[in-house]
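This briefing reviews one protein structure by topic, from its overall layout to selected residues. Please read it alongside the sequence and the coordinates.

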Amino acid sequence: MSVFLCCPFLLFCFGTLLTPAQSYLLQPCEPINETVSVEKEGCPKCLVFQTTICSGHCLTKEPVYKSPFSTIYQHVCTYRDVRYETVRLPDCPPGIDPHVTYPVALSCDCSLCTMDTSDCTIESLKPDFCMTQRELIVDY
């Protein structure tokens with residue numbers, strides 16, 4: 001009888017120890033090279049190129065009891081230090097500024113999502129998604 005009582009306890013202990021161990025296998029929040037796209041309304045093509053973005057996992061907490069009066073802030077992997085670069089979209093018609101400025105990650109941090117530089121949606125499109133015809137920059 002004592003074996004059956006001990007087994008759930010061992011499973012609980014094993015699960016509790018395994019969770020922190022698994023977190024070490026997750027990619028940390030850091031700058032990575034990624035293929036992204038930029039496009040602008042009125043221009044017929046988007047540019048696809050390599051740049052540095054922030055990506056990785058941040059520790060979060062999910063409360064067991066959720067109260068309408070408590071506020072929960074989840075940290076995400078986002079930009080700490082950035083540099084801005086500008087590219088020129090091809091074939092934009094006269095009267096439309098062909099330049100697009102985008103952030104380049106220099107360092108990353110687990111903090112609140114900043115809408116100025118990050119996609120803060122729950123499920124977003126892939127970073128190289130284009131609505132218009134693609135123009136690939138091979139060596140940028």
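From the N terminus on, the elements of the protein follow the order α-β-β-β-β-β, that is, 1 helix and 5 strands. Helices (H or I, at least four residues) and strands (E, at least two) are DSSP runs, numbered from the N terminus. The model is predicted, so local features need pLDDT of at least 70 and side-chain atom pairs count only at pLDDT 80 or more, while totals for chains, interfaces and linings use all residues. Residues are numbered from 1 along each chain as its sequence is written, and side-chain values use heavy atoms, with hydrogens and water left out.

**Confidence**

- The average pLDDT (the predictor's confidence in each residue, from 0 to 100) is 75 for the protein, and 64% of the residues score at least 70.
- Among the elements, helix H1 (residues 2–23) has the lowest mean pLDDT, 44, whereas E4 has the highest, 92.
- Over residues 1–18, pLDDT stays under 50, and the model has 0 contacts beyond four places in sequence for this stretch; a contact means heavy atoms within 4.5 Å.
- Where pLDDT is low, the predicted coordinates should not be read in detail.

**Overall burial and contacts**

- Of the 140 residues in the protein, 24% are buried; buried means under 20% relative accessible area, exposed over 50%, and partly exposed in between (1.4 Å probe, protein chains only).
- The protein exposes about 10,700 Å², of which carbon and sulfur atoms supply 60%; accessible areas come from the Shrake-Rupley method with a 1.4 Å probe, and for residues only the protein chains shown count as cover.
- Among contacts with a separation of 6 or more, 66% join residues 24 or more positions apart.

**Nonpolar core**

- The largest nonpolar core has 19 residues, of which Val 38, Phe 49, Val 87 and Leu 89 touch the most other members. Such a core is a set of buried Ala, Val, Leu, Ile, Met, Phe, Trp, Tyr and Cys residues joined through side-chain atoms within 4.5 Å.
- Two or more residues of this core come from each of strands E1 (30–38), E2 (45–55), E3 (76–88) and E4 (99–111).
- E4 gives the largest share of this core, with 5 residues.

**Pairing of E1 and E2**

- Strands E1 and E2 pair in the antiparallel sense over 9 bridges; two strands pair if DSSP finds at least two bridges between them.
- Pro 31 has Cys 54 in E2 as its bridge partner.
- The hairpin of E1 and E2 has 6 residues between the strands, and Gly 42 takes a positive phi near 100° in this hairpin.

**Aromatic pair**

- The count comes to 1 aromatic pair, under a rule by which rings of Phe, Tyr and Trp (its six-membered ring) pair if their centres lie within 6.5 Å, with planes under 30 degrees apart counted as stacked, over 60 as edge-to-face and the rest as tilted.
- Phe 49 and Tyr 102 form this tilted pair, at 5.0 Å centre to centre and 50° between the planes.
- The pair links distant parts of the chain, with Phe 49 in strand E2 and Tyr 102 in strand E4, 53 residues apart.
- Both Phe 49 and Tyr 102 are buried.

**Two buried threonines**

- Thr 51 lies in strand E2 and counts as buried because its relative accessibility is 8%.
- Beyond its neighbours within four places in sequence, Thr 51 is in contact with Ile 32, Asn 33, Glu 34, Val 36, Tyr 102 and Val 104.
- Thr 78, in strand E3, is buried, with a relative accessible area of 1%.
- The C-alpha atoms of Thr 78 and Gly 56 are separated by 9.1 Å, and these residues are 22 apart along the chain.
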